[in-house]
Amino acid sequence: MPLSDHTTDQCRECLATIRWAITVHGRRQALDAEPDAKGNLAAYVDGTGTLRVRVLTAERDRLEGAEWQAMPHAATCTRPPVRRTARPGRRAVVRRGAWTRWPR
Ligand SMILES: [Zn+2]
């Protein structure tokens, strides 16, 4: 199954080679560039050359047709993007009087 290289990209975080696929929900998802038997995704190139991906479910847990087993890159990325959901209650740590001067 030929996996063309023109669909590869580079992860901005860990610089690994990835492929962008479109999920069944129409969203972009980064996959590891090479098939991975441990992946939970089935990827295939549709008639327009778009890489599509679906999650292997209990009902459809086997690869079908030209699908190859893919690993979501988020699972293997060595530098996950920093989540921007910083806790709003988080405030700068202000040390006040961590130690007090002993009276002389
Ligand atoms: Zn990465």
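A residue is termed buried if 20 or more other C-beta atoms lie within 10 Å of its own, exposed if 12 or fewer do, and partly exposed in between, with C-beta atoms placed from the backbone. By this criterion, 16% of the 104 residues of the chain count as buried. The structure is a predicted model, in which local features need pLDDT of at least 70 and side-chain atom pairs count only at pLDDT 80 or more, while totals for chains, interfaces and linings use all residues. Residues are numbered from 1 along each chain as its sequence is written.

In order from the N terminus, the elements run β-β-β-β-β-β-α.

The largest nonpolar core has 10 residues, including Ile 18, Leu 31, Leu 41, Ala 42, Val 53 and Ala 70. Such a core is a set of buried Ala, Val, Leu, Ile, Met, Phe, Trp, Tyr and Cys residues joined through C-beta atoms within 7 Å. At least two of its residues come from each of β2 (17–23), β3 (28–32) and β4 (41–45), and β4 gives the largest share, three residues.

Ala 42, leaving aside neighbours within four places in sequence, is in contact (C-beta atoms, placed from the backbone, within 7 Å) with residues including Val 53, Leu 63 and Ala 70.

Leu 51 lies in strand β5 (residues 51–55). Leu 51 is partly exposed because 19 other C-beta atoms lie within 10 Å. Beyond neighbours within four places in sequence, its contacts include Thr 7, Trp 20 and Ala 43.

Terms used: Helices (H or I, at least four residues) and strands (E, at least two) are DSSP runs, numbered from the N terminus. Two residues are in contact if their C-beta atoms, placed from the backbone, lie within 7 Å.
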